[in-house]
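Please keep the sequence and the structure in view while reading.

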Amino acid sequence: MNFSSEQPKIIVVGSSSIDLILETEKVPCAGETVIAYNSESYFGGKGANQAVGAARLGASVFFVGCVGMDPLGQQIMRNMVSENVNVGFVFETDQESTGTAYVTTADGSSGIVVVPAANNYLSIEHVEAADKYFHTTDLVLLQLEVSIEVIRYAVKKAKKYGKKVGLYASPAQPLGDDILDNIDFIIAKSSELHIIFGEDQREVILKKYFNKVFVRDDVNSTVYFDGTEMKYCRHDKEKTVQTMGMGDAFTTGFSIALCHKNSIEECVNFGNEVSARVSGKKGSQTGLPRISDFI
């Protein structure tokens, strides 16, 4: 992994939230009541995770998002500022509260319920307001915790200026060809391919979108097709405290490596390494590494 002298410029369009983590002996089944022996809150949201992760790895980051006019929204804004993320295009709405996520975790597995709330109010107009930064950015990063109309518009705007676009396709939903064909790389969970692509044969998908679709699973391995052969990259975790945010962290690491003009294989390996580090601490953002950890 090489770091060039140029500072990457990245725009993240997406979600932010406060995550409430409930630690239990087991993740409850339907109709079952369990007792939590600990509860803690952390900063989260797939968009915010990517923004903070990219900033820690040395990028100049603009975040385009929406929070409520409440104390949680202010906490998210202050956290991003402290992480050197530009919040000039984080909008506030009085129509909804700030997004939240409720996570029940036990023995490394978890069940997550996301309440988008203010994230649903992120609009095309908000993306348009950041237009002058789209033509100077190196990469636009997206996820699927905001409306598909916003995603589609952000892709269209990025391509208008000839910019690279990356998407972590989670939470999974069907993506039309107008999105799939205009995105430079897509990260997807192995269990959700049929939702995203309407096809569950991994090799068929990877060969169609070679060097473009990267499939992840829970053991921090990534599979892709390089145009000639299937490539399998795995980075074992020394210590797994939790798995939240690992996909966001991989996306961030991959993106930073790509901005520094590394090979696809190096981008995947760096993404895996960044993802592994996140799993060692509680919270999606807590364990995100800094550029000083690598240089």
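Strand β11 (residues 213–216) and strand β12 (residues 221–225) run antiparallel and are joined by two bridges; helices (H or I, at least four residues) and strands (E, at least two) are DSSP runs, numbered from the N terminus. Within this pair, Val215 has Val223 of β12 as its bridge partner. The model is predicted, so that local features need pLDDT of at least 70 and side-chain atom pairs count only at pLDDT 80 or more, while totals for chains, interfaces and linings use all residues. Residues are numbered from 1 along each chain as its sequence is written, and side-chain values use heavy atoms, with hydrogens and water left out.

Both strands belong to an open sheet of nine strands with mixed pairing, in the order β5-β4-β1-β8-β9-β10-β11-β12-β13, where two strands pair if DSSP finds at least two bridges between them. At its edges are β5 (85–93) and β13 (230–234), each of which pairs on one side only. From one strand to the next, the twist averages 20 degrees; axes are lines fitted to C-alpha atoms, for helices over the stretch in contact, and angles run from 0 to 180 degrees between N-to-C directions.

## The four-stranded sheet

Another open sheet, also of mixed pairing, has four strands in the order β3-β2-β6-β7. Its edge strands are β3 and β7 (109–115), which each pair on one side only. Neighbouring strands here are turned against each other by 20 degrees on average, direction ignored. Strand β6 (residues 100–106) runs antiparallel to β7 and is joined to it by seven bridges, and Thr100 stands opposite Val115 of β7.

## Helix α2 and its two faces

Helix α2 (residues 71–82) lies across β4 (60–68) and β5, running at about 170 degrees to β5. The helix α2 also lies across β2, β3 and β6, and runs at about 100 degrees to β2. The 12 residues of α2 should span 16 Å at 1.5 Å a residue, and its end C-alpha atoms are 16 Å apart, which agrees; the expected span is 1.5 Å times one less than the number of residues.

Which residues of α2 are buried? They are Gly73, Ile76, Met77, Asn79 and Met80, where buried means under 20% relative accessible area, exposed over 50%, and partly exposed in between (1.4 Å probe, protein chains only). Because these residues cover an arc of only 165 degrees around the axis, they are on the same side of α2, the arc being that of the directions from the helix axis to the C-beta atoms. The face turned away from this buried side carries the exposed residues Pro71, Arg78 and Ser82. The cover over the buried residues of α2 includes β2 (17–24), β3 (36–44), α1 (46–56), β4 and β5. Just after α2, Asn84 takes a positive phi of about 65 degrees.

## Helix α1

Helix α1 is mostly covered, with 11 of its 11 residues buried; among them are Lys46, Asn49, Gln50 and Arg56. The helix α1 is followed by Gly58, whose phi is positive, near 95 degrees.

## The nonpolar cores

In the largest nonpolar core, which has 41 residues, Val13, Phe134, Leu142, Ile151, Leu175, Phe197 and Val213 touch the most other members; such a core is a set of buried Ala, Val, Leu, Ile, Met, Phe, Trp, Tyr and Cys residues joined through side-chain atoms within 4.5 Å. Helix α5 (residues 148–160) supplies the largest share of this core, six residues. Apart from it lies another core, of 40 residues, among them Ala54, Met80, Cys233 and Val274. In soluble globular proteins, nonpolar side chains tend to be buried together.

Not counting residues up to four places away in sequence, Leu142 touches partners including Val13, Gln50, Ile151 and Tyr168, contact meaning heavy atoms within 4.5 Å. Leu144, in the loop between β8 (139–142) and α5, counts as buried because its relative accessibility is 4%. Leaving aside neighbours within four places in sequence, Leu144 is in contact with residues including Ile151, Leu167, Pro171 and Leu175.

Lys157, placed in helix α5, counts as buried because its relative accessibility is 5%. With neighbours within four places in sequence left aside, Lys157 is in contact with Val127, Glu128, Asp131 and Phe134.
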